[in-house]
Amino acid sequence: MNVDMVQELSGQVFKIILLVSGPALLVSLLVGLIVSLFQAVTQIQEFTLTFVPKIIAVFVSIFLLFPWYARLLTHFTTDLMEKMPSYIR
């Protein structure tokens, strides 16, 4: 395994990490922004009001995107296993 293979593999890993974590982080960001605006308008400063909607929204987004996550990770793992002999050489 040479440096080019390591760079290619690590690039693919970081791309997969961003694709899997990105949607949930984006949903959390948007819900947090909406809740913050709601708190600023109504002047309600409840501590749990910021976390509960975010947790629910992230769980729903993960649940809805799970088939895509599974296909993405399965494809990556299959490619990794197929290329394993060339990595070992």
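Apart from its neighbours within four places in sequence, Val 35 is in contact with Leu 49, Thr 50 and Pro 53, where contact means heavy atoms within 4.5 Å. The model is a predicted one, in which local features need pLDDT of at least 70 and side-chain atom pairs count only at pLDDT 80 or more, while totals for chains, interfaces and linings use all residues. Residues are numbered from 1 along each chain as its sequence is written, and side-chain values use heavy atoms, with hydrogens and water left out.

Val 35 lies in helix α1; helices (H or I, at least four residues) and strands (E, at least two) are DSSP runs, numbered from the N terminus. Val 35 counts as buried because its relative accessible area is 10%, the limits being under 20% for buried, over 50% for exposed and in between for partly exposed (1.4 Å probe, protein chains only).

Ile 34 counts as exposed because its relative accessibility is 57%. The C-alpha atoms of Ile 34 and Pro 53 are separated by 9.9 Å, and these residues are 19 apart along the chain.

Gln 39 is a further residue of helix α1. With a relative accessible area of 7%, Gln 39 is buried. When residues up to four places away in sequence are not counted, Gln 39 touches Ile 44, Gln 45, Glu 46, Leu 49 and Thr 50.

In helix α2, Ser 61 was examined. Ser 61 counts as buried because its relative accessibility is 9%. Its contacts, not counting residues up to four places away in sequence, are with Ala 24 and Val 27.

The largest nonpolar core has five residues in all, namely Leu 9, Ile 16, Leu 72, Phe 76 and Tyr 87. Helices α1 and α2 (48-88) each supply at least two residues of this core, and α2 gives the most, with three residues. A nonpolar core is here a set of buried Ala, Val, Leu, Ile, Met, Phe, Trp, Tyr and Cys residues joined through side-chain atoms within 4.5 Å. Leaving aside neighbours within four places in sequence, Ile 16 is in contact with Leu 72 and Phe 76, and also with Leu 73.

For the chain as a whole, two helices and zero strands were assigned. The radius of gyration of the chain is 19 Å, whereas a compact globule of 89 residues would have a value near 12 Å; the radius is taken over C-alpha atoms, and the globule rule is 2.2 Å times the number of residues to the power 0.38. Along the principal axes, the C-alpha atoms fill a box of roughly 65 × 25 × 15 Å.

Of the 89 residues in the chain, 16% are buried. Among contacts between residues at least 6 apart in sequence, 69% join residues at least 24 apart. The chain exposes about 6,900 Å², of which carbon and sulfur atoms supply 76%; accessible areas come from the Shrake-Rupley method with a 1.4 Å probe, and for residues only the protein chains shown count as cover.

The mean positions of the 5 positive and 5 negative charges of the chain are 3 Å apart. Lys and Arg count as positive and Asp and Glu as negative, while His and the chain ends are not counted. The place of a charge is taken as NZ of Lys, CZ of Arg, CG of Asp or CD of Glu.
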